[in-house]
Structure formats: structure tokens, C-alpha cells
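Here is a briefing on one protein model. Please read it with the structure open.

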Amino acid sequence: MNRITLEGKLLFATVIVAFLILVLTASALIPTYESYRSTYDSLLAVERFRQVLEAGTQVSAERGPANDIMAIEPDSSAPATERLRFFRRSSDQALEALDEPFAVDVSSALPGLQKALADTRDQLRKAREAVDRVAATPLGERRPEDVQAAIGEMIEVIETFQAVVDWHVAAFTSRQSELTAPFLTGRMISDMREYGGRAASQIMGPIATRQPLRDSHVTDASRTIGRLLELRTLMQGQKIVSDNDTLSADLMKDVDAIFFGSGLDLVKILIEQGKISGDYSISAVDLTRNYVPTLQPLARLRTIFLNDVVKRYRTQHDTASYRLAVIALITASALAVLLALVRSIRLHMLDPLLTARRQIIALAEGSAMTNLETISKAPEMRSLFEALELLRGKLDERAEYEARLKAQAEKDGLTGVWNRRALEGFGNAPSEREEDVCLMLIDIDHFKTVNDTYGHLTGDAVLIEIASRLQGAMRPTDIVARYGGEEFAVLVSTSDLSNTVDFAEELRSHIQAHFIRDAETGMDLSITVSIGVASGQCGANGWRQLIASADEALYCAKKKGRNRTCVFGDEADRDIVEGALIPFRARRTAAL
């Protein structure tokens, strides 16, 4: 069992559970999201359609000040001229707003909308030019047919704009059929407002020039009134405001009383007067002033209806948004709980178990352990780590005991330097690089006499002092060992035999010059040593030869009379008493 396997299994289980959660919530999440998108698209569509109808109303409303300006002398009324400019700017802004990009994807049909808007602007430009020509003509010279032609051009703007309306109806209802009813109702109410204004405009020319109505005027106006009555019949029983029956009824009462009553009756009276003569009861300006207010119930009816449609779809969208948010929150919460559970399992179970595994391996390998007190553990894991703590303590005690045993096994109990067994271990140890080393075997001269004369305690003191002198003169890489009873060995980590021989001679001379005081008698003892030096290699192949060579050199020193240094080689029987000091030796001199 390893960390990758455990974490992999935990991750796999997490993915499976997360997948099941998503599958369970998908049945509710997907339909809710589709409802959210559908209601959002519907909301955007009805808001756009309201914008389109309001733009049409704004363009249609431009006919009022245009009719006024054609009913007065040129430049005779600054307010009338400014009012016409204001309405024209408003129309242009309303059409420009329709050029803004769609939030709903209908890009494939956009060329048709762009052409309809371009045609509307062209017709509006032509109509304005016709109005301006009539307005620039003195009132007495204006002909009714010119005025009526200009009015006809303005009416044609709305007819052209109907292509824009039709485009939106087709583009949106083809994607969402539930929009068909509100769109057609909205268009019907807007048409009622348009035909209401058109009824007066169709007789405005003769009234402005005080001329009788022609048959064409009467026919056009009568046809428009007929369309209005048809639309009113279609509106019969319509619920304008979805959640307010009283308001719907009140709106239709105002339409019937104010427009179909006062407003339309005024148009009918003027038609009857125009059939007889050009002696009308009111002027064209008065007709506009008195008739336009009667259109307000139609405008109010359209505004309230469209606002109600927008409100209804906004409510549906808000409801779908809320449901989507709730389901998404539930899904996210479930996933968060799952992740928290997985994290808790990892933190309180998986990580402690893996930590315990690492600690057990560390204990088995003798490596250092982590401080287990700093590891966050679940209560159920505490017993495991307490057992590991206990095991670590026992193993530490065992390691300490083994270290003491090893020291006792490898250290000389009297002098504290390495013993022969340890030296053999160093010498026979395999080496990656076979480099030459030097070995000195040092024997205390006449040591048996010292023991026999002064006793073994004095002999022990001599051994301790000699070992101390040797140990103090060595580098950290050199090894001093007690090789026999009065015999020491020094393994020098260098291949420079000459330098080692010089150093050995210095050691011998220094020991000879140093007096060792006998604690019992107070006498100062002069001790000499014999030293045999050899060079060679450690390891299984070279160590025995190196020992033998150094031993032969030592034997030579004793044979020559002791208190001297001999080196193994071609001239093994030559004493080395003097020699040039070199840097290697100088590094040791201060310690002697």
C-alpha cells in the first residue's frame, strides 16, 4: 500500500460520488436551466418588441407637429417649428436605438431587419422633405392635395415601418411560440393607436386649406374608421393586465368613452361638414389640439399592456433564476460536503496512516523520525501514534545500548583509542578508490621492565600517556589504535611515505624527550619507542601485506637497538633518524 494507491482510490471514489450527485441533480438542474434560458430570451424579446412599438409610436407622433406646421404661415410660429424639430430628433433616436446589437441570437435574419430600417429612414426623409416644401409655401397658395400628399408620405413611413414590426414578430415567435399571443395583441393595440391618428390626418389637408372633402378623403377616412371599429371588436373581452381585471376594464372604458366617443365623433362631424363645404367648425390647429388628447387612452392602453407583458416575463425569469440558483446551491453544497468529507478522511485518516507507515519504515531503517507530537491526528489515530512513540523510545534505548557495546568492542578500555579489532575493520574495509596509505607500528621499548620495576599501575600510566600524545598529534582523518600490549598502530591517510617517516621520527624524538612521572615514587621516567613505517593499500587485498611490512620495519628497529625509526623497503635495514621537515609533518608539530 502506498500514497499514490491510497490517494488514487480516494480520488476515484470521490469522482464516482460526485458524478452520482450530478446525475441526481441533473434531472432538475437541466430543465430548470432551460427554463431560465427560455424565460431570459423571452424577457429580452418582449423588451425589444416594446422598444420597436414605442419607436413606431414615436415616428407616428411626428405627424401631429407636421400637420400643425402645414396649417400655418411659414415661420409664423417659433414654438411650432421647435416642436417639430424635437419630434424629429426623437424619431431619429428611436430608430437609431433599433440598430443596437441583439442579446438574442437572430443573426441569420439580421439582413432583413437592416433593409427594413433603411427603407423606413428613406421614406421618413422623403416625407419630411414633402412636409418642409408645403410648410415653406404661403398658406394662401397651398393646395389641399399637396398637404394631403405630404400627410400621405408621413403615413407611408408607418406602413414601411410595419416591415420592422413584422420582422420582430416572425424572428421571435418562430423561436418561442408562446410569444405569439402577446406580440399580436401588442401590435393590434399599436395599430389602433396608429389608425386613430391616421383618421384625423386623412382629412387634415382640406381642413388646413378650408376646402371641401373630396371623395377620396371621405373614402380613406371611412376605411380607417372601419378598421378601428374592427380592432375594437377584436379587443372585446381582452384581458389587458394579466393580474388586474378591474384595471383592464377601466382602460377599455376610457378608450370607448374618450377615443371612440369624443375623438372619433369629432372626426365624423368634420367629415360630414367637409362633404357639404369647406366651412369647418374648427381649424386644423384646433383639430390637432382637441383630437390628440383623445388618443391618450390608446397610448396608455398600449403602454400598460406592454409593461404588463414585460413584468410577467420578468417574473417568470426571476422565478426560474431563483430555482436555478437553489438547485445550483444544493449541488454545490453537496459537492462541497463531499470534498470536505474527503479532505477530512485524508487529514484525519489517510495522512496519519501514511505518516505512520513512513515512521515504521524509518524505525526499521534506523533513520530519524518526524516529531509525532506535531502531527494532527484524529482521536482514533492517537493509540497508533502513542504505540509508535513507545516503539521509538525503546528503539532509541536499544540503539544507545548498542552504541555503548560497539564502543566497548572497538575502543581500548585503558587508553580510549581504537583497539586492534577496530583497526582491522578500518584496514579491511572496501574502498572505492585504491589509494596508498601509510602505517606506523609503535612499540614501547623495555615496557616489561617498567612493569616489573614500577608496577602495572605505572605501566598503565605510561600506556595512557603515550596514547594521549599520539592522539593529540594526529589529524581527524588519521587513526590511532592499541595494537597489542605495549604496541600502538597509526594509520595515516597519505601516500607520502617520506613525509610519514619524518613525522614518525618526530614522534619518537618527542616521546624520548618527554618524561613521565611515576605517581607512586615521584620519579620521572624516560620512555623510548621503536617505530616501523610502511606504505601500501587498505582493503582485503592490501591490508595484510601492509601490516606485515610495517611489522617487519618495526622488527628491524628493535633489532638495530630500539629507540629508532625504520621504514620498510629496499633499504629496510637503514635507520631513519633525520630527515627534511615538509608541510605534512609541520601540521602535526604543534600538537606534539
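Helix α17 (residues 543-559) has 17 residues and should span 24 Å at 1.5 Å a residue; its end C-alpha atoms are 24 Å apart, so the two agree. The expected span is 1.5 Å times one less than the number of residues. This is a predicted model: local features need pLDDT of at least 70, side-chain atom pairs count only at pLDDT 80 or more, and totals for chains, interfaces and linings use all residues. Residues are numbered from 1 along each chain as its sequence is written, and side-chain values use heavy atoms, with hydrogens and water left out.

**Whole protein**
- The protein has 18 helices and nine strands (DSSP runs numbered from the N terminus: helices are H or I with at least four residues, strands E with at least two).
- Of its 592 residues, 44% count as buried (buried is under 20% relative accessible area, exposed over 50%, partly exposed in between; 1.4 Å probe, protein chains only).
- Take contacts between residues at least 6 apart in sequence: 76% of them join residues at least 24 apart (contact means heavy atoms within 4.5 Å).
- The accessible surface comes to about 30500 Å², and carbon and sulfur atoms hold 55% of it (Shrake-Rupley method, 1.4 Å probe; for residues, only the protein chains shown count as cover).

**Helix α17 and what follows**
- Buried residues in α17 are Trp543, Leu546, Ile547, Ser549, Ala550, Ala553, Leu554, Cys556 and Ala557.
- Their cover includes α13 (420-428), β2 (436-444), β4 (487-492), β7 (529-537) and β8 (565-567).
- Gly561 follows α17 and has a positive phi, near 120°.
- Asn563 lies in the loop between α17 and β8. Its phi is positive, about 50°, although Asn563 is not a glycine.
- Asn563 counts as partly exposed because its relative accessibility is 22%.

**Another positive phi**
- Most residues other than glycine have a negative phi.
- His446 is a non-glycine residue with a positive phi, near 55°.
- His446 sits in the loop between β2 and α14 (447-454).
- At 52% relative accessibility, His446 counts as exposed.

**Packing of α9 and α10**
- Helix α9 (residues 245-276) packs against helix α10 (residues 284-291) at about 165°, with axes 11 Å apart (axes are lines fitted to C-alpha atoms, for helices over the stretch in contact; angles run from 0 to 180 degrees between N-to-C directions).
- That angle makes the two helices roughly antiparallel (over 145 degrees; under 35 is roughly parallel, 65 to 115 roughly perpendicular, the rest oblique).
- Phe259, Gly263, Leu264, Leu266, Val267 and Leu270 of α9 meet Leu287, Asn290 and Tyr291 of α10.
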